[in-house]
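Please consult the sequence and coordinates alongside the text.

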Amino acid sequence: MTNVAILGFGVVGGGVADLLTGNAREVSALCADDINIKYILDLRDFPDSPFADRVVHNFDIIAADPDVSVVIEVMGGSHPAYEFTVTALKAGKHVITSNKEVVANYGDEFLRLARENGVSYRFEAAVGGGIPVIAPLISFILHNKISEIRGILNGTTNYILTKMFSFGVSFDKALARAQEKGYAEKNPDADILGIDACRKIAILAAIATGKLVSVDAVYTEGITQVRSEDVLAAERAGYCIKLVGRCVICDGDEPFIMVAPHFVSKSEPLASVNGVYNAVEVIGKPLGNVMFYGKGAGAGATASAVVGDLMQTLRLGEGIAPVFKKCDKCRDFSELVSAHYLVLDNSQKEEIASVFGNVQIIPAEAELAFITERMSEAELSAALESLGVEPVSHIRIL
Ligand code: HSE
């Protein structure tokens, strides 16, 4: 019998408890052991829950219990998740988490502590919800020369963009629905401002490069600036708009890491990822392109990844654990090259050819919308500066 403790009985914690009990037969067959939820740590009581008798309010009880060998931290946020994780690892307990914030901030330290204490620290559910991406990346892909990892990494914003622009639902209603469904973070600003996706791409970049770049160094834009006019323009030009996290790896250099809305050509696989679904595309040599696709948020999907980590832990122990080194910067963003969708005031019409050269004009009412040729961020800034304008809208082309 393996005794586990679940820290946090919210959407994900509830999903994990339900999955471990509802699919107990499948899980114990695969783990070659029965799993017992010995404790659930939460500030609240849950008198009507079938797990009411396991609820405790003091982490010390869990830390001091030698029968608990696995701690499942699904409470979210950096603190006290950080302190509980450190204590659990030092006490020789395996730790599994879905908490991308704490992984992005302290993953290097947790992996080191796990190594030093002969236990594992796993975080499959921290990226892409239920999509198995971290374990396959480590086991089957990293021996390739990876040039880029990019993906739709936030279920809430993809759900909102899909509801707004395919079904005409307002932003507020779409967000409220995402919250009801348990997709959004406690503070949904983390979703809509791109912070959640930023943490996830930083984690994927660390898996690929070994460097855990500080999230403050990652260029991050959310979806709040995307206008319905932009969606219409994208549609006219054969694109859709997605919030995309990118890690571009150039031989021997720091990677570019960023999160921003992008025009994605409808011929790209990422363009067909809608609703709460996420996808991660990895490009490497000699492998080519591989795409991982599935539900990026929600209790059941996230719990599936957490329990997958539990099975890996019980069957493989430490397995192939990554090593992260903390890093304060990524490659200077001004060197990143892409084409750009720009909207300027109609009065600039005469000047754009001389400043931007060949552009693809997108028919638009009362504004000047176009797509530039590929140019670096620095070249784009210089061009806009020479025009003396701030664009009405600016979205990169993937
Ligand atoms: N708020 C996150 C999302 C939850 O919407 O993707 C899963 O990490």
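The sections below treat the basis of the model, its sheet and its helix packing.

## Basis

The model is predicted: local features need pLDDT of at least 70, side-chain atom pairs count only at pLDDT 80 or more, and totals for chains, interfaces and linings use all residues. Residues are numbered from 1 along each chain as its sequence is written, and side-chain values use heavy atoms, leaving out hydrogens and water.

Helices (H or I, at least four residues) and strands (E, at least two) are DSSP runs, numbered from the N terminus.

## The sheet

Six strands, in the order β3-β2-β1-β4-β5-β6, form an open sheet with parallel pairing; two strands pair if DSSP finds at least two bridges between them. Because β3 (55-56) and β6 (121-122) stand at the edges with a single partner strand each, one side of each has no neighbour in the sheet.

Strands β4 (residues 68-73) and β5 (residues 94-97) run parallel and are joined by 4 bridges. Val70 has His94 of β5 as its bridge partner.

## Helices on the sheet

Helix α1 (residues 11-22) lies across β1 (2-7), β2 (35-41) and β4, at about 155 degrees to β1. Helix α12 (residues 299-316) lies across β1, β2, β4, β5 and β6, at about 160 degrees to β5. Axes are lines fitted to C-alpha atoms, for helices over the stretch in contact (heavy atoms within 4.5 Å), and angles run from 0 to 180 degrees between N-to-C directions.

## Packing of α7 and α8

Helices α7 (residues 155-167) and α8 (residues 171-180) pack at about 135 degrees, with axes 9 Å apart. The contact involves Thr156, Tyr159, Ile160, Lys163 and Met164 of α7, together with Phe171, Ala174, Leu175, Arg177 and Ala178 of α8.
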